[in-house]
Amino acid sequence: MTLSVKHLLGIKELQPEDIERIFQTADNFKQVLNRPIKKVPSLRDTTVANIFFENSTRTRISFELAEKRLSADVVNFSASGSSVSKGETLIDTVNNILAMKVDMVVMRHSASGAPWFLANHIDASIINAGDGINEHPTQALLDAYSIRERLGDVKGKRVVLIGDIMHSRVALSNIFCLTKLGAEVMVAGPPTLIPKHIESLGVKVEYDVKKALQWCEVANVLRIQLERQHKPLFSTLREYALYYGVNRQMLDSIEKEIVIMHPGPINRGVELNSDVADSKQSIILPQVENGVAIRMAVIYLLSGKREVE
Ligand code: CP
């Protein structure tokens with residue numbers, strides 16, 4: 001079992017069959033992760049480098065755990081404290097790491113397109129762990145996998161992505177992944193945070209968050225990315241929370257129980273209130289748990305291994 005691609009750069013390049021294969025492989029790895037010994041020897045001949053040019057908590061730890069659960073050798077690189085501060089280029093940095101016999105690179109970078117650029121210059125398989133405002137493919141895979149786990153299937157489900165769609169790589173990868181799997185997708189939030197012409201990606205647009213919640217079965221609430229907003233796109237965080245934040249009162253006013261997701265990190269009290277984030281409607285921590293199995297599946301399938309041992 002392999003994928004139709006050599007690298008996992010974006011969901012855009014994947015076939016629906018690739019996504020199903022990743023999910024089936026993740027099902028096997030979830031069983032492994034629930035055993036007393038949560039480890040398989042599958043990648044004991046493989047070395048993976050995690051190179052992070054941008055901050056991360058979940059993705060970085062999740063990839064490292066996934067690699068270790070597969071028995072791979074792992075090296076971690078952070079731009080801070082490295083020779084990047086002395087002016088070393090991306091290609092030189094990665095080629096120096098590869099010269100130490102690394103087989104696979106997991107990379108996060110603030111520049112959109114950086115993993116595609118690298119894929120044109122090196123031989124090792126690359127997994128995109130988030131590039132600028134472009135794609136975050138493993139996040140979208142774990143999100144869709146978590147919907148499948150909670151609701152039985154993704155096909156035909158109504159999913160709304162709420163918040164800062166403009167600056168969210170999670171939003172774009174989710175749109176590609178969910179539409180490839182046959183879900184109905186809507187984006188909701190303030191007009192200033194929703195890109196013009198986004199309907200061309202096959203999604204609906206709604207500026208009233210309550211109406212969006214009434215429409216959907218699943219709401220994936222996204223972080224307000226102030227670090228990527230170079231000019232004000234709404235008045236204040238208080239106003240944002242008032243008009244676009246998801247809170248208990250709003251959820252109680254609709255007549256069904258929808259599934260609440262968030263990729264993290266959460267701005268509590270801004271896009272999502274704690275009484276929703278920590279409620280039984282929320283699958284935020286199961287999303288994180290599923291991330292390890294999904295990343296094990298991606299690494300395993302890209303390595304070209306045949307059987308889950
Ligand atoms: N969801 C996500 O990418 O979180 P981190 O930035 O902590 O990795």
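Me: How many aromatic pairs does the structure hold?
Reply: The model is predicted. Rings count as a pair if their centres lie within 6.5 Å. By that criterion, the number of aromatic pairs in the structure is five.

Me: What is the geometry of the aromatic pair that Phe29 and Tyr300 form?
Reply: The ring centres of Phe29 and Tyr300 are 5.4 Å apart, with 80° between the planes. Planes over 60 degrees apart count as edge-to-face. The pair of Phe29 and Tyr300 is therefore classed, by the angle cut-off, as edge-to-face.

Me: How many residues apart are Phe29 and Tyr300, and are they buried or exposed?
Reply: Phe29 belongs to helix α1 (residues 16-33), and Tyr300 belongs to helix α11 (residues 284-302). The pair thus links distant parts of the chain, 271 residues apart. As to accessibility, both Phe29 and Tyr300 are buried.

Me: Is Phe234 buried or exposed, and is Tyr240 buried or exposed?
Reply: Buried means under 20% relative accessible area. Phe234 has 15% relative accessibility, so Phe234 counts as buried. Tyr240 has 1% relative accessibility, so Tyr240 also counts as buried.

Me: Which residue lies over the face of Phe63?
Reply: A charge sits over a ring if, for Arg, CZ is within 6 Å of the ring centre and within 35 degrees of the ring normal. The distance from the ring centre of Phe63 is 5.0 Å here. The residue over the face of Phe63 is Arg295.

Me: Which strands stand at the edges of the open sheet?
Reply: Four strands form this sheet in the order β2-β1-β3-β4, with parallel pairing. Each edge strand has a single partner strand, so one side of each is left without a neighbour in the sheet. The edge strands are β2 (73-78) and β4 (125-131).

Me: Why is β1 largely enclosed by the rest of the structure?
Reply: Thr47, Ala49 and Ile51 point one way from β1, whereas Val48, Asn50 and Phe52 point the other way, and all are buried. β1 is largely enclosed because its buried residues number six of the six.

Me: Which residue in β2 is the bridge partner of Phe52?
Reply: β1 and β2 pair in the parallel sense over six bridges. Within β2, Ile51 has Phe77 as its bridge partner. The bridge partner of Phe52 is Ser78.

Me: Which residue in β4 is the bridge partner of His109?
Reply: Strand β3 (residues 104-109) runs parallel to β4, and five bridges join them. In β4, the partner of His109 is Asp131.

Me: What is the handedness of the β-α-β unit that β1, α2 and β2 make?
Reply: Helix α2 (residues 58-69) lies across β1 (47-52), β2, β3 and β4, and runs at about 160° to β2. The unit made by β1, α2 and β2 is right-handed.

How values were computed. Residues numbered from 1 in each chain as written. Predicted model: local features only at pLDDT ≥ 70, side-chain atom pairs only at ≥ 80, totals over all residues. Heavy atoms only, no water. Phe/Tyr/Trp six-rings, centres within 6.5 Å; stacked < 30°, edge-to-face > 60°. Helix = DSSP H or I, 4+ residues; strand = E, 2+ residues; numbered from the N terminus. Buried < 20%, exposed > 50% of the residue type's maximum accessible area, 1.4 Å probe, protein only. Pairing = 2+ DSSP bridges. Contact = heavy atoms within 4.5 Å. Axes fitted to C-alpha atoms, helices over the stretch in contact; angles between N-to-C directions. Right-handed = clockwise from strand over helix to strand, strands pointing away.
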